[in-house]
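Please look over the sequence and the model, and then read the points below beside them.

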Amino acid sequence: MKRKLFFKKYLYVILSLFSLTVLSVGSVNAQSENDEQIIQKEIVYFYSSTCSSCGRVSKILNSLVLTNRNIEVHKYNIMEVENKGIMNGYLKEYGIDFGATVPIVFVSDKSLCGYDEISENLQSALDNYSVETISIHELDSTHFEEEFELLSKMNFLSVFLAGFLNGLNPCSISMLLFLVSVLITQKNNVLKICFSYIAGKYICFLLLGTVLYKVISSVNLMSSYFYIRIVMIIILTLLVIYNFSDFLSAQKEKYNKIKLQLPKKIKDFNHSLIKKLQNLIDKKTFYVLIFLIGFVISLGEFLCTGQVYLATLVTVLELTNEFNSTVVFYLIIYNLALCIPLILISLLIYKGKQVFSIGNVFLEKMHIIKLTNTVFFAIILAFMILQTFF
């Protein structure tokens with residue numbers, strides 16, 4: 001009796017396990033069949049880390065991916081040149097004007113541009129997903145090399161001009177002239193003195209630019225770039241106003257009314273540093289000390305020239321938010337252009353021009369320099385306002 005009861009229980013357990021196994025296999029097969037029926041949907045999304053509305057679109061797409069395992073999003077930042085070319089390829093394939101801007105989404109046979117259109121129509125485009133979205137690998141960005149080359153030349157020119165015009169500021173030139181007037185003892189050491197000082201200035205500004213760029217690029221630009229733009233618009237507006245005011249003062253030869261110059265305390269400090277070198281002219285470390293003084297003086301000079309440098313860094317940031325060879329190239333170009341006026345003045349002094357006469361020429365032409373600066377910054381300001389609000 002006990003054996004029969006044990007046998008029945010044993011048989012019941014076996015049958016129960018068998019039934020569970022069959023049900024599980026059936027459920028897995030059913031799930032597999034359902035998985036096969038789910039259509040994989042691809043979204044191609046172009047954005048820029050300098051675009052405020054792109055951040056909101058990214059949140060929508062991230063939410064879709066989390067709640068729908070059959071949706072895959074391919075993201076491309078157009079701040080990278082090759083991705084801009086790929087976007088142009090998509091615009092061509094979908095028959096959209098090349099003037100279209102980010103954020104822009106391609107899904108199935110549809111394209112959606114701008115936050116409003118994407119937020120309102122993306123779900124509908126996914127629900128009516130009829131054909132596969134064009135594969136990114138089918139497109140070739142080499143057709144747009146001429147456009148990239150033109151863009152690079154324009155950026156190169158604007159960065160170079162910004163550096164050169166900033167190098168013509170009174171803070172920079174007057175300090176070099178004072179240095180030479182105090183330390184020059186014979187003609188053959190003019191270039192050594194000047195170039196040692198200029199080298200210190202160049203290295204200082206190059207390092208400052210590197211640090212500033214890394215700080216700015218580390219910010220979440222999608223959420224804060226609009227505000228960075230507003231700050232830059234304010235700075236450029238002030239530069240236009242102050243340069244025009246300085247133009248009027250220089251034109252009337254009221255040089256004591258010039259606003260864009262170093263504070264008197266910093267200027268006196270720089271003069272005292274330079275004067276201390278008079279007793280060290282015969283030392284072996286003399287030129288090294290001039291280099292170091294050039295470096296230190298440039299730190300203070302940044303108060304006078306840093307606004308333009310910052311605006312230039314923001315412009316470069318629009319090309320790429322990663323510190324790469326492109327950024328290094330533009331930093332080198334800007335700072336070389338910044339030093340060109342000082343190099344030319346050094347050569348003139350070496351050729352026999354008197355420091356006093358150079359200073360007088362510079363004062364006579366200051367109103368032209370200030371007017372040129374006004375026009376240049378006004379153009380950049382107008383361009384930045386158009387990009388930000390229109």
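**A bent helix and its surroundings**

Helix α11 bends by about 35° at I340, and a proline, P341, follows within four residues. The bend at a residue is the angle between axes fitted to the seven residues ending there and the seven starting there. The structure is a predicted model, in which local features need pLDDT of at least 70 and side-chain atom pairs count only at pLDDT 80 or more, while totals for chains, interfaces and linings use all residues. Residues are numbered from 1 along each chain as its sequence is written, and side-chain values use heavy atoms, with hydrogens and water left out.

**Overall make-up**

- The protein chain has 12 helices and 4 strands; helices (H or I, at least four residues) and strands (E, at least two) are DSSP runs, numbered from the N terminus.
- Of the 390 residues of the chain, 42% count as buried; buried means under 20% relative accessible area, exposed over 50%, and partly exposed in between, with a 1.4 Å probe and protein chains only.
- Among contacts between residues at least 6 apart in sequence, 77% join residues at least 24 apart; a contact means heavy atoms within 4.5 Å.

**Helix α11**

- The 26 residues of α11 (residues 325-350) should span 38 Å at 1.5 Å a residue, and the end C-alpha atoms of α11 are 35 Å apart, which agrees. The expected span of a helix is 1.5 Å times one less than its number of residues.
- S346 belongs to α11 and counts as buried because its relative accessibility is 0%.
- Leaving aside neighbours within four places in sequence, S346 is in contact with L176, V190, L191, C194, F195 and I198.
- After α11 comes G352, whose phi is positive, near 115°.

**Helix α10**

- A straight helix of 32 residues would span 46 Å at 1.5 Å a residue, but α10 spans only 39 Å between its end C-alpha atoms.
- A kink of about 70° in α10 is centred on T305.
- T315 also lies in α10 and counts as partly exposed, since its relative accessibility is 27%.
- T315 and I380 are 65 residues apart in sequence, and their C-alpha atoms are 9.9 Å apart in space.

**The second largest pocket**

- The second largest pocket has a volume of about 320 Å³. On a 1 Å grid over the protein atoms alone, a pocket is an open set of points with protein on both sides within 12 Å along at least five of seven lines, whereas a cavity is a set of points where a 1.4 Å probe fits but cannot get out; lining residues have an atom within 4 Å of a point.
- Of the 16 residues that line this pocket, P170, S174, Q261, L363 and M366 are the closest to its centre.
- Two or more lining residues come from each of α6 (170-183), α9 (264-276) and α12 (355-389), and α6 provides the largest share, 6 residues.
- The lining of this pocket divides into 11 nonpolar, 4 polar and 1 charged residues. Ala, Val, Leu, Ile, Met, Phe, Trp, Tyr, Cys and Pro count as nonpolar, Asp, Glu, Lys and Arg as charged, and the others, Gly among them, as polar.

**The largest cavity**

- The count comes to 1 cavity of 30 Å³ or more, and about 130 Å³ of space lies in the largest cavity. Grid points are joined across faces, edges and corners, and a volume is the space filled by probe spheres set on the points.
- Of the 14 residues that line the largest cavity, N166, N169, N243, L260 and N373 are the closest to its centre.
- The elements giving two or more residues to this lining are α5 (145-167), α8 (221-251), α10 (286-317) and α12, and α10 gives the most, with 4 residues.
- By class, the lining of the largest cavity has 7 nonpolar, 6 polar and 1 charged residues.

**Individual residues**

- N270, in helix α9, is buried because its relative accessible area is 2%. Not counting residues up to four places away in sequence, N270 touches M175, L262 and I297.
- S108 has a positive phi of about 55° although it is not a glycine. S108 sits in the loop between β3 (104-107) and β4 (110-113) and is buried, with a relative accessible area of 1%.
- E253, a residue other than glycine, has a positive phi near 60°. E253 is found in the loop between α8 and α9 and counts as exposed at 59% relative accessibility.
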